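Here are a few notes to read alongside the model. Keep the sequence and the 3D view open, and take the points one at a time.

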Amino acid sequence: MKINGNIIAHRGVHDNKKTPENSLEAFQKAIEYNYPIELDVQLTKDNILVVFHDFTLTRMTKNTNYIQDTNYQDIKDLKLLNTNEKIPTLKEVLELVDNKLLIDIEIKNTNKIKETCDILINELKNYSNYIIKSFNPRIIKYLKTNYKELEVGLLITDKSNNFLYNKLLKSNFILKYCNPDFLAISKTLLDNKKFRKLSKSIPTLIWTIEDKKEIIDNNLIYICNNLPYINF
């Protein structure tokens with residue numbers, strides 16, 4: 001995994017006050033501090049890839065629509081929190097970063113797996129410095145099957161309420177099914193013997209770190225909030 005150091009800026013360098021998460025300003029600050037960038041992508045209704053974490057616009061814009069049910073023209077002028085920053089397209093982010101840093105791209109869950117993945121890979125055709133991950137094993141499977149050269153990882157949470165998912169994960173079925181190149185696990189899963197063992201054999205990203213004291217193993221890669229405000 002081509003990462004300088006072991007710190008990634010979660011949704012850019014932001015504080016959600018003056019600088020909103022997943023904004024061009026947050027990514028510009030990451031460039032200035034030379035931190036690799038983690039970001040989230042999803043398709044609008046009219047198939048524009050935008051960089052935005054939540055499925056609904058409510059928390060960041062107070063608009064109550066769902067991103068994936070809304071056309072880009074209807075969201076492009078919305079302001080993020082109480083700032084002048086707007087929801088960026090992936091194209092805008094790629095132009096800004098310009099291969100200076102690694103970008104860690106999370107594909108949000110979607111019913112349009114093929115469309116989302118194919119549009120994403122097409123937009124990345126002139127960008128070489130990235131990895132891709134998702135919580136959805138079907139997304140990982142699709143990418144691994146159709147784009148064999150990619151470095152693709154599976155996100156794993158400790159808070160899933162899906163009994164079947166938890167059972168299949170415990171049996172390693174999901175890992176065998178999608179065969180990820182790396183894992184990105186919740187920091188609480190490091191206390192789980194299974195995942196601690198896996199982290200020794202497969203590249204592992206840990207999310208989301210809020211304090212320098214949470215970094216306990218320099219062989220792991222940490223996705224961190226509010227850099228550099230927590231004194232890294």
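1. Of the contacts in the protein chain between residues at least 6 apart in sequence, 59% join residues at least 24 apart. Contact here means heavy atoms within 4.5 Å.

2. A word on where these values come from: this is a predicted model, in which local features need pLDDT of at least 70, side-chain atom pairs count only at pLDDT 80 or more, and totals for chains, interfaces and linings use all residues. Residues are numbered from 1 along each chain as its sequence is written, and side-chain values use heavy atoms, with hydrogens and water left out.

3. Now the overall form. The C-alpha trace spans about 45 × 40 × 35 Å along its principal axes. A compact globule of 232 residues would have a radius of gyration near 17 Å, and the protein chain agrees, with 17 Å. That radius is taken over C-alpha atoms, and the globule rule is 2.2 Å times the number of residues to the power 0.38.

4. How much of the protein chain is buried? Buried residues make up 53% of the 232. The cut-offs are under 20% relative accessible area for buried, over 50% for exposed, and partly exposed in between (1.4 Å probe, protein chains only).

5. The protein chain has 8 helices and 9 strands. Both are DSSP runs numbered from the N terminus: helices are H or I with at least four residues, strands are E with at least two.

6. Which strands pair with strand 1? One is strand 9 (residues 221-224), parallel to strand 1 over 3 bridges, with Ile7 opposite Tyr222. Another is strand 2 (residues 37-43), also parallel and joined by 2 bridges; here Ala9 stands opposite Ile37. Two strands count as paired if DSSP finds at least two bridges between them.

7. Finally, find Thr56 in the loop between strand 3 (49-51) and helix 2 (58-61). Thr56 is partly exposed, because its relative accessible area is 22%. Leaving aside neighbours within four places in sequence, Thr56 is in contact with Asn65 and Tyr66. Ile221 lies 165 residues from Thr56 along the chain, and their C-alpha atoms are separated by 29 Å.
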